[in-house]
Amino acid sequence: MACVAGCRCCTERRRQSSILYSILKSEEQKEAARQPPPPQEPPGPGCSCGSRRRVALRSPQVAGKAASAVLVKTLRFVKSVPCFQELPLDEQLVLVRSCWAPLLVLGLAQERVHFETVETAEPSMLQRILTDRRQEQQGQQHPQSSSPQLPSAGEIQAIKGFLAKCWSLDISTKEYAYLKGTVLFNPDLPGLQCVQYIQGLQREAQQALNEHVRLIHRGDQARFAKLNVVLSLLRSINANVIAELFFRPIIGTVNMDDMLLEMLCAKL
């Protein structure tokens, strides 16, 4: 969807070359070979320390570029939906800012994007204290905000578990489209004005999914329920985790709201 001519928001935000596009067009940087982490004993029964360990992408350039391509493809899909185009720009922004992460994870599943992670060494308590003190001396009011919070092993496992669930169901292109429509048109978000209209769109997406499943999977009466389980699993996906995992390693600190606005106003 092209922006309305004279849209002040678009003209101010649109840039000749976006950060995201430069990632997609740039060549993948060669990474130094990493030694695999030493084997560690599994945590004992009932121990949650393993799920709290911080992890990072094994190949951040490759995985980040793949996620960036999926994000562009996802926004292109969203902007191609006629009912979405009819919404005012501020309503579009509310929807996209809320659902970009679950839509991206659905896109990763649809494109069958695989990624591996490695454990990272966290700074000691003394290192954190010294770093915070040094930043305070430099006049930073919130030193803790400058340090990235790497995702935990448990958070990554939730993402991988979701991908595995989607792949086990062998979800079709149409089913992915209806699932994305259900996620996109969320009438429960604060700040929406066209609540009833958006609620109707979400209901239509669910009905279309149900009818498609009954037509194509007549022998699997539980498939519609299984697909709704997929939707429920998306609620555990944290947008900050997705941004830290896929985008911070290659872009640095990025304001996803600004990036989404730029992509929404651009011709993808």
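Is Val118 buried or exposed? At 10% relative accessibility, Val118 counts as buried, a label given to anything under 20% relative accessible area, while exposed means over 50% and partly exposed is in between (1.4 Å probe, protein chains only). Val118 sits in strand β2; strands (E, at least two residues) and helices (H or I, at least four) are DSSP runs, numbered from the N terminus.

A quick word on the ground rules. This is a predicted model, where local features need pLDDT of at least 70 and side-chain atom pairs count only at pLDDT 80 or more, while totals for chains, interfaces and linings use all residues. Residues are numbered from 1 along each chain as its sequence is written, and side-chain values use heavy atoms, with hydrogens and water left out.

**Rings and charges**

How many aromatic pairs does the structure hold? There are two. Rings of Phe, Tyr and Trp (its six-membered ring) pair if their centres lie within 6.5 Å; planes under 30 degrees apart are stacked, over 60 edge-to-face, and the rest tilted.

| Pair | Type | Centre to centre | Angle between planes |
|---|---|---|---|
| Trp100 and Phe247 | tilted | 6.3 Å | 50° |
| Phe115 and Phe246 | edge-to-face | 5.4 Å | 85° |

Trp100 belongs to helix α6 (residues 89-110) and Phe247 to helix α12 (residues 239-251), so their pair ties together parts that are 147 residues apart in sequence. Both Trp100 and Phe247 are buried. Phe115 lies in the loop between α6 and β2 (117-119), whereas Phe246 is in helix α12, so this pair ties together parts that are 131 residues apart in sequence. Phe115 and Phe246 are buried too.

For a charge to sit over a ring, NZ of Lys or CZ of Arg has to be within 6 Å of the ring centre and within 35 degrees of the ring normal. Lys180 lies over the face of Phe77, also at 5.3 Å from the ring centre.

**A pocket**

Next up is the second largest pocket, with about 380 Å³ of space. On a 1 Å grid over the protein atoms alone, a pocket is an open set of points where a 1.4 Å probe fits, with protein on both sides within 12 Å along at least five of seven lines; lining residues have an atom within 4 Å of a point. The second largest pocket has 17 lining residues, and Thr182, Val183, Asn186, Leu231 and Arg235 lie nearest its centre. Helices α6, α9 (173-184) and α11 (223-233) each supply at least two residues of that lining, with the largest share, four residues, coming from α6.

**Loops, a helix and cysteines**

Arg112 is not a glycine, yet it has a positive phi of about 55°. Arg112 is in the loop between α6 and β2 and, at 43% relative accessibility, is partly exposed. Asp170 has a positive phi as well, near 50°; its place is the loop between α8 (153-169) and α9, and at 57% relative accessible area Asp170 is exposed.

Leu261, in helix α13 (residues 256-265), is buried at 3% relative accessible area. Leu261 and Gln92 are 169 residues apart in sequence and 9.5 Å apart in space, C-alpha to C-alpha.

As for disulfides (pairs of cysteine sulfur atoms within 2.5 Å), the count is zero. Cys83 is partly exposed at 26% relative accessible area, and Cys194 is partly exposed at 25%.

Note on methods:
Points joined across faces, edges and corners; volume = space filled by probe spheres on them.
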